[in-house]
There are 2 protein chains.
Amino acid sequence: MTVQWCPMTRETLFYLGPEGTFTHQAAMEAAAQLADETAGKTGFDLVPLPDVPAIMEAVRSGRGLGVIAWENNVEGYVVPNLDALIDAGDVAGLARVRVDVAFDAFTRRGDDPFAARDAAGTVSDADSGVIPVSAHPHGLAQCKRFIVDHHLTPTPASSNAAACRDLEPGGVALGPRICGELYGLDTLAARVQDFAGAHTDFLVLGRRDDVRASNDRARARDTDFETIITFIPLVTGPGVVANVLDILRDAGLNMTSFMSRPIKGDDGTYSFIDTLDAAPWEPRFRDVLATLAAHGIWLKTLAVYPRRERSNPPVEAWRLPQGGVHLDATRISDDWRETETTRRELLW
Amino acid sequence: MTVQWCPMTRETLFYLGPEGTFTHQAAMEAAAQLADETAGKTGFDLVPLPDVPAIMEAVRSGRGLGVIAWENNVEGYVVPNLDALIDAGDVAGLARVRVDVAFDAFTRRGDDPFAARDAAGTVSDADSGVIPVSAHPHGLAQCKRFIVDHHLTPTPASSNAAACRDLEPGGVALGPRICGELYGLDTLAARVQDFAGAHTDFLVLGRRDDVRASNDRARARDTDFETIITFIPLVTGPGVVANVLDILRDAGLNMTSFMSRPIKGDDGTYSFIDTLDAAPWEPRFRDVLATLAAHGIWLKTLAVYPRRERSNPPVEAWRLPQGGVHLDATRISDDWRETETTRRELLW
């Protein structure tokens with residue numbers, strides 16, 4: 001009888017520590033997703049690092065892949081990470097992973113911080129009922145309602161993961177779901193954040209050869225792709241961006257995100273970051289990039305990853321902001337420019 | 001003899017508390033700047049509020065002006081504040097104020113936390129030398145070098161201002177310069193942040209009638225203006241943004257910042273925020289806005305304020321990121337598309 005031996009390579013995946021951060025949760029999901037895509041032939045060892053520059057350097061020097069936070073639907077882009085990726089020597093994104101920003105409330109195993117308070121009979125008996133709740137100040141701010149409803153006393157920590165790791169008996173900590181198992185805590189209540197819809201997208205980073213190899217595997221599975229590019233026109237004045245976007249439009253390339261950003265934060269300098277629904281090796285995309293480069297525009301591809309399922313609500317369902325001017329094309333009268341509403345909303 | 005009486009109106013200026021935040025410092029600078037512009041005829045009472053929604057509501061209901069953080073050169077836009085202003089009923093920006101993100105290190109008046117350690121003779125005698133340093137986790141992260149150099153033990157606080165207010169003897173707090181006077185502290189060292197170039201821009205908000213009145217006064221002084229607009233095309237697909245920017249280009253309007261943003265954070269919906277070097281009442285700008293509105297595009301002016309002095313480095317002096325593709329127009333060879341550098345940097 002022959003035992004068949006299935007080779008499995010192991011790779012390191014670096015994330016922002018300590019254990020139990022949302023980035024750790026993203027790393028766990030990325031490891032599962034990438035293992036699926038290689039039919040389980042790659043296993044990942046997850047390793048925490050103290051900051052994003054250390055993750056970028058670990059990836060650049062070939063020690064493994066890395067995970068960094070990229071964009072949150074409430075807070076927007078994680079701009080320092082964006083700047084770091086733009087300026088990285090040989091690092092690019094190869095996958096994009098979404099994590100719900102959901103907080104669970106934890107207690108020490110077997111501990112009931114509310115027991116003393118319940119015995120005292122009333123919450124207003126303050127001294128016998130002080131229960132500290134610990135999290136990063138952002139975490140405390142995102143779980144205000146739970147803290148008020150349970151009459152907890154906020155105690156800031158350096159991170160949500162640290163709050164869970166260092167939780168003292170008699171206290172409550174708020175953190176990502178994975179902290180419960182990681183630190184052996186009881187879950188007092190799940191998903192206690194005020195706002196249920198928040199999520200953060202993370203990028204999985206590799207060396208550019210890793211990105212090409214990963215995308216070659218995905219292409220073999222007939223995958224659609226998204227691409228993030230940065231360009232710097234190296235001229236200023238009206239129309240610089242319009243001229244570039246005309247070229248993208250004429251190639252039929254669809255943008256899903258676009259922003260200007262001072263290069264490395266330097267005032268008065270301009271780079272542009274553009275997320276597109278296409279792969280850079282498609283002929284129409286190649287031609288666009290070649291045209292831009294031939295015009296002397298500085299160019300870099302930051303990430304190419306399999307296209308995500310995205311919500312795509314019809315424009316009739318968009319929740320418009322309050323106020324503003326919105327003309328109904330069938331009912332435009334000539335005097336709309338001079339109405340008080342128009343003057344107030346446009347400030348002209 | 002007649003004593004001439006100079007009337008001075010007093011107005012309230014709301015900011016994000018507690019006292020001693022960077023927003024408080026911005027409010028003090030805004031109050032000075034606006035008083036200058038009204039030749040001292042307006043004095044301001046500065047009032048802290050617990051969060052930005054409370055500031056927006058205080059302004060909307062006519063209780064005074066407000067100050068909110070808008071953009072930081074390292075962290076980018078303060079997106080929740082941007083979203084709040086886009087969705088505000090009758091609130092817009094009338095001034096833009098810049099504050100350096102600089103931290104001073106404070107001790108309690110007359111206190112020397114280092115005395116015990118100095119007596120022990122050596123820093124490595126750890127137990128006799130533990131000196132806590134308190135700040136918001138962001139503040140602690142921004143002053144890492146000072147903390148390491150002085151062998152301090154980081155202790156997170158809910159805000160830098162709270163760290164200064166609640167400073168215990170034997171400890172050090174990090175916060176904005178104004179905390180020293182506000183809380184009666186000694187300044188141990190000034191400007192201890194790792195990165196010297198960080199700054200945050202704040203917007204001063206008023207009701208739209210306040211904005212128009214303020215801008216009318218500025219126009220009388222022959223001021224140049226900047227304008228921030230939001231538009232929502234209510235169609236999707238390639239070229240939507242390019243078509244709008246073509247109209248701005250053809251009017252000769254110069255953009256200094258541009259970004260897409262999901263409306264209220266809703267995935268798959270698109271608004272655009274654009275900062276322009278012009279006033280919305282200029283005929284060319286009015287014509288642009290009227291053209292966009294006539295195309296059914298939702299429009300709102302978020303802020304109009306006197307143009308700031310801005311650094312404007314020549315493109316030759318821009319610090320380009322590492323890597324990327326940048327062709328010298330005089331030396332393009334036909335095979336640049338197929339070089340290993342091009343393939344690696346563009347991932348095609």
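Predicted model: local features only at pLDDT ≥ 70, side-chain atom pairs only at ≥ 80, totals over all residues.
Strands here are DSSP runs of E with at least two residues, helices are runs of H or I with at least four, and both are numbered from the N terminus; two strands pair if DSSP finds at least two bridges between them.

Strand S6 (residues 104-108) and strand S9 (residues 172-175) of chain B run antiparallel and are joined by three bridges. Phe106(B) sits opposite Ala173(B) in S9(B).

Now step back to both chains. Chain B superposes on chain A by a rotation of 180° with 0.0 Å of shift along its axis, at an RMSD of 0.0 Å (least squares on C-alpha atoms of residues with pLDDT of at least 70 in both copies). That is the relation of a two-fold axis. Met259(B) is the residue of chain B that comes closest to the rotation axis, its C-alpha lying at 1.9 Å. The copies meet through the same surface, because 100% of the interface residues of chain B are also interface residues in chain A (contact means heavy atoms within 4.5 Å).

Finally, UniProt (unreviewed entry) places the feature "domain: ACT" at residues 229-306 of chain A; such annotations may be inferred rather than shown by experiment. Over residues 229-306, chain A is 29% helix and 33% strand, with its end C-alpha atoms 15 Å apart.

Residues are numbered from 1 along each chain as its sequence is written, and chains are lettered from A in the order in which they are written. Local features need pLDDT of at least 70, side-chain atom pairs count only at pLDDT 80 or more, and totals for chains, interfaces and linings use all residues, while side-chain values use heavy atoms, leaving out hydrogens and water.
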